[in-house]
Amino acid sequence: MTHTQIPRISGVLRSPVTFSVLAGLVIGALFLVGTGADPITAYGAVLTGSLGADGIGSTLSTGTSVLGVALALAIPLRAGLINLGGDGQMVLGGITAAVTGLYSPLPAPLTVVLALLAGMAAGAAYAALAALCENRLGVPLLVSSLLLSYPAVSLASYLARYPLKEPGSSLPQTRAMPDGVALPAFGDSTVTIGLVLVVLAAAAYWFTDKRTAFGYEIRMTGLNSRFAAYAGVERRGLTLKLMSVSGALAGLVGAIGVLSFPYRFVDGSLTAPGYTWTGLTAALLAAAAPLGTVVASFFFAVLAVGGLAMERTTEVPRELTQVLQAIVIVFLAARLRFPSGWFRRRPRKSSQESPQEIGAA
Amino acid sequence: MFFDSDLLMSALRALTPILLAALGGALCERAGVFNIGLEGMMLMGCFTSVATSWFTGSAWLGVLAAALAAAAYSLILAVGAVTLRGDAVVLGIAMNLLAVGLTSFLLRTVFGVQGTFDDPSLAGLPLVGGFTPLAYLAFVTVAVAAVMLSRSVWGLRLRGVGEAPDAAATLGVSPAKYKYAAVLISGVLCGLAGAQLALGNVTLFSENMTAGRGWIAVVAVMLGRAAPVGVLLAALLFGLAEAAGFRLQGVGLPQQATDAAPYVVTLVALFLSTARRRRRTANSPSGATT
């Protein structure tokens, strides 16, 4: 690596993302060897299990949620704001959509639209509350969003277990949505129009980020919030706007979850898979860039679904994939500012400066 | 009677793990390292203490192993944030995530169970006057930390490193050394907190059993302004909220309401304290410039 004879390869190798992902996979292989499994068989099972004919539907429906939450968390992260309240916003969106779906007097197709909008509104309002906590009360967003998440999850759990519980069922779930109140699915798969909605959201984020003044303000705030403030970006307003969008997207994911199979709100079904953490991991891996977030979300959806296949084939617990995700981020975070001289890095245009400022606040 | 000695006892039991972890977090804060990996470090302590106690039959070896394992785990933050100058917030989040995955993975590979490992022959910590020895240790640690930070040369240098690293370095104090020490001590304390949680209050390990207590500890550091006594008061508040929650459950409130209580109380306390602090800075003459 002393000379740049093969500049493209060394350039890719120097990218902290590539390094982190490779390091994660190598450490994962060590874990696999440690448990007596063959890493190649195991990783092969991850790929065939998630991308094969049997797994791709599952990957895409998991990917819908992961990408939705990842976008929700990436958008504020682009400005250096970390929203840790994804669980609460998503669950409130889900339960609101469920109530709307069950009680709306409108015809089914309109009810679906209304439920999606209601879910988004609920998520947005709750995330805005966290923003107000920072703006008005001085509680750091990181903390206010996270702490607010717990009561929201408890509230939704209470509603699903008592007032809205399906009569006669032993499961903590609401009644099923009425006939027709469901997102259209592709064929007989579990992949719904929700995937299209989330991809559209990603496209809108890409456009805003690349082509609009607002996107430029967001990125500038992420790179250097003091400079952005000097240049006239009003931080409080920005926080409120970004958190509202973020919460709306998280709420959308919750609503999509309720309007897809099994067409009801099931307590824990939105929080137990850990979409919030996987989504945040994806957003961090991509430094919140729009296209990168899509790619990283797909990567983690493959890991999550493939992990099940790996467990069946090699009896290695699927939790290994969660370990992999975290290791990738540990490497990425630690490599952000390697001592100069290890690798000569190109100056990077991402939001890495800012999370530390939140930490200091 | 709602407020009686039983309530206070259960509040004190609930506060112990929070207090131990929060003291570690406060030390890091004073040294200028923002540590939100407390949750993950605690969880590593929980698992190590249970595993060691199970294989050796000694709860005390479990406590020792938990302290060592969590300290080793805290090296991720020390190396990543101090030596490599990585992002402490992102590292902390990743450490929490890693701990959940790693302990669940180990639970299944080592014990072959999913969810909870619970065995009658698993040795728990003995109780002395209704509390584990770790609970007494937590209170002793408050006093020791308070004296160290305000009186000892080491404590003053640690604070100096946190407040003005360049000035400290000019005086020949190595900021990195003090930061490493603070992070490692926080690891030890979080390990003890985890052991208390898994071998003290109950005797079992279950996936993600810290359930946000590490985050509460982070908030306790903020509420207590990273001072040991302040942190103690903040942890006491959380302990009271948790104990009152259990009590209310006995009166017939649903479990979900009581689950949420500690977080709501913590949040409200945070509002009140920051609002008061803001008003004070606004009234003080120096507040005009900030």
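A salt bridge is counted here when a side-chain nitrogen of Lys or Arg lies within 4 Å of a carboxyl oxygen of Asp or Glu. The model is a predicted one, in which local features need pLDDT of at least 70 and side-chain atom pairs count only at pLDDT 80 or more, while totals for chains, interfaces and linings use all residues. Residues are numbered from 1 along each chain as its sequence is written, chains are lettered from A and ligands numbered from 1 in the order in which they are written, and side-chain values use heavy atoms, with hydrogens and water left out.

Over all chains, the search finds 9 salt bridges. One of them pairs Asp209(A) with Arg78(A), whose closest N and O atoms are 3.0 Å apart. This pair links distant parts of the chain, since Asp209(A) belongs to helix 8 (residues 193-211) of chain A and Arg78(A) to the loop between helix 4 (56-77) and helix 5 (86-103) of chain A, 131 residues apart. Helices (H or I, at least four residues) and strands (E, at least two) are DSSP runs, numbered from the N terminus.

Turning to the interface, the contact (heavy atoms within 4.5 Å) takes 53 residues from chain A and 43 residues from chain B. The buried area, meaning the accessible area (1.4 Å probe) that two parts lose on being put together, summed over both, is about 4,000 Å² between chain A and chain B, with carbon and sulfur atoms giving 76% of it. Of the area that chain A buries against chain B, Leu147(A), Tyr150(A) and Glu319(A) supply 14%, more than any other three residues.

The rule finds 2 salt bridges across this interface, and the side chains of Arg108(B) and Glu311(A) meet in a salt bridge with an N to O distance of 3.0 Å. On the side of chain A that touches chain B, helix 7 of chain A gives the most, with 12 residues. The residues of that side divide into 33 nonpolar, 12 polar and 8 charged, where Ala, Val, Leu, Ile, Met, Phe, Trp, Tyr, Cys and Pro count as nonpolar, Asp, Glu, Lys and Arg as charged, and the others, Gly among them, as polar.

Within chain B, the axes of helix 5 (residues 133-151) and helix 10 (residues 228-251) come within 8 Å and cross at roughly 150 degrees; axes are lines fitted to C-alpha atoms, for helices over the stretch in contact, and angles run from 0 to 180 degrees between N-to-C directions. Helix 5 of chain B and helix 10 of chain B are therefore roughly antiparallel, a term for angles over 145 degrees. The residues of their contact divide into 8 nonpolar, no polar and no charged.

Two backbone details remain. A cis peptide bond, with omega about 5 degrees, joins Phe261(A) and Pro262(A), and Pro262(A) sits in the loop between helix 11 (235-259) and helix 12 of chain A. Asn208(B), a residue other than glycine, has a positive phi near 55 degrees.

Key: Parallel < 35°, antiparallel > 145°, perpendicular 65-115°, else oblique.
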